[in-house]
Amino acid sequence: MTVTELFIEAARRKGRQPFLVDDRHEISGDDAWRQASGFAAWLEGNCEAGAGVVFLCPASARHAVAWFGALIASRPVSGLHVREPPASLAATIDWLAPAVLVFDDATAALAAEAVDLASSTPTMVGLATAEAAEITFDEASSHDVFALATPAPNDVAAIILSSGTTGEPKGVVHTHHSLTQAAVHGRRHFHVSSADKSLLLYLQPSFAGWAVFVLPCATAGMTVRFGQSFDPARFLQQCQDHRITHAPLVPTTWRMTLAAGPEDYDLTSLDVAFVGGEAPTSDDVAQLTTRIAPTVSLSYVASETLTGSAVSGDARQLDEAGKTGSMGRPGHATEVRIVDPDGGVDHTAAAGEIGEILVRGPSNAAGYWKNPELTARRFVDGWWRSGDLGVLDADGDLWVQGRHDNVINTGGIKVHGEEVENALLAHPAVSSCAVVGQPDATYGRRIEAYVLPVGEPPAPDVLDRFLREDRALAGFKVPKAFHIVDELPTGATGKLYRRALIRDAD
C-alpha cells in the first residue's frame, strides 16, 4: 500500500471519532477523508502534475489534512519555517517553485510579503482566512472527489528542508515509497499497538520531526492532537484532559515539564514519553520514568532517514545496563556502519573506534533537491553518510559523539555555525570569528560567537542587532553570547579549530 492509501484506510476506520485535532478544530476520520480527497481533487484540476505544495503555517488539524491531501494528489509537500524573515522565505519559494502556498491566519501577512518578494507566483490557499488568499481551504476541499491516480513508489512525495553546510536550505527528497516505509516501520518504533491511542505533538511542520511522528501515528489510526506554542503547564493539562498516551519532546522541553510539577496532573494514561534530538542524561531518565511515563523511548532519526531507517532504544533499559548516552540499536530493517569520515563507505572503523555514522534502511531519502553533487557524496550504495561521529559498541548500541562539521543542536533545532559566521563577517568591525555550541543545561547547546575585531571591538548588543536587522537572521540563530578575543585557535594546517573553543560540560 502507498502512504496515501494507509491514510485513507485509517481515516475511514476512524469514522466519526476524532482523528486530527487542535484547539480550534476536531476533525473526524470521515471528515478528514472527505476534506483531504476534496483538496486533492482541487489540486488535480488546478495545478500541473508534479508541481509542489508549500506550507507556511503552524501545526494544526487542518494543516495535516491538507498535507495528506497534497500527497493523495501526488503533489510534493514542503514546510517553510514560520520564524524565517520574508526575504529568506522568498528565496526558498523560488528555489522550490511550488504551484501552491498554504497559510493560515497567523501567517497571512508573512506569506503575502514573502510571495511579493519572490519571483514565483504560487496560488495562495488560506487554511482559516480569506485574507491574502485566492481560495480558502474550505472552498478547495469541498470539490467533488473523482478517481485519483495512485502515486508511483518513486514519485517525489516530500522535500523536507534542512540546514546545509553553508546555512543555505537543503531539500531532503523523499518518495512515496520512503514515506510508506517510514509509516509502517515507525509503528513498531513508536510503540503503536492500537488505534485507540493518542499522540500530543508540539512540533512544527517545517521540522522533519513532524512527519517522523505523524506518518506512523496517523496512518495507524491514532488520534493526533497538535499543540501550538509550547508551555509546560498547558502540555501537562492537555495530557490529563485528553488522556494522551504518547508524547514526544526534546530534552530541553522535558526538563521544563518536569520543573512544572507533573505530580499535580493525572498522567496515568501516558504510556510512552519520547526523547528526541539528543540522548537524555541518567537523571532525565529517572525523572521521566518515575514522574511522567513508564516507558521512555529515544531514537536517532534524521530528515534523510525517517523512522524506517531508525536507531532506537528504551532509555530505562539502557540506563540500567550502564549505557546512558547510547541511542540504542538499529531497527530490524536498518543497518548502521561506522567508517573513516574521509574514506569510502567500505572503509569501516575498528570495533569501538570513532568514525562517521552511515545508515541504510527502507525509508532513506532519494537525495537532495537540485543538488546532484551533494546527493552523490552523501548517498552511496544505499548508505546515507550522516556527517555525525559515533561508535558502535560490542552489543551493537550506537553512541553519537558529535558532528564531523559544525551543526549546533540548540533546544532541538539544528543551526549551522557557518551561516552565523558568514553573517557576522559582514560587519565592518569583525575581522574573523567562530561560532560554536557550548554545553547548556537547558538547551543542550547554546550558540556563542568568538569575534576577532578590527579596531575598536563592537559591543555585543551592536552585533546582536546587526544580525537580526541588517542580516535578517532568524532569532534562534543569533548567538546568546559574543566573546571578543585576541586570536582564534587553528589546527596544524592553519584552519580554524572550533573544537578548542568548546568548554567541557559541567
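In S7, Ile135 is the bridge partner of Val125. Strand S7 (residues 135-136) runs parallel to S6 and is joined to S6 by two bridges; strands count as paired if DSSP finds at least two bridges between them. The model is predicted, with local features requiring pLDDT of at least 70 and side-chain atom pairs counting only at pLDDT 80 or more, while totals for chains, interfaces and linings use all residues.

Strand S6 (residues 123-126) also pairs with strand S5 (residues 100-103), in the parallel sense and over four bridges. Here Leu101 has Met124 in S6 as its bridge partner. Together with helix H5 (residues 108-117), S5 and S6 form a right-handed β-α-β unit (with the strands pointing away from the viewer, the path from the first strand over the helix to the second runs clockwise).

## Packing of H9 and H10

Helix H9 (residues 232-241) packs against helix H10 (residues 251-258) at an angle of about 80°, the axes being 8 Å apart. The two helices are therefore roughly perpendicular (65 to 115 degrees).

Pro232, Phe235 and Leu236 of H9 meet Trp254, Met256 and Thr257 of H10, contact meaning heavy atoms within 4.5 Å. By class, this contact has five nonpolar residues, one polar and no charged residues.

## Overall dimensions

The chain holds 15 helices and 27 strands, taken as DSSP runs (H or I, at least four residues, for helices; E, at least two, for strands) and numbered from the N terminus. Residues are numbered from 1 along each chain as its sequence is written, and side-chain values use heavy atoms, without hydrogens and water.

The C-alpha trace spans about 65 × 55 × 50 Å along its principal axes.

Note on methods
Axes fitted to C-alpha atoms, helices over the stretch in contact; angles between N-to-C directions. Parallel < 35°, antiparallel > 145°, perpendicular 65-115°, else oblique. Nonpolar A, V, L, I, M, F, W, Y, C, P; charged D, E, K, R; others polar.
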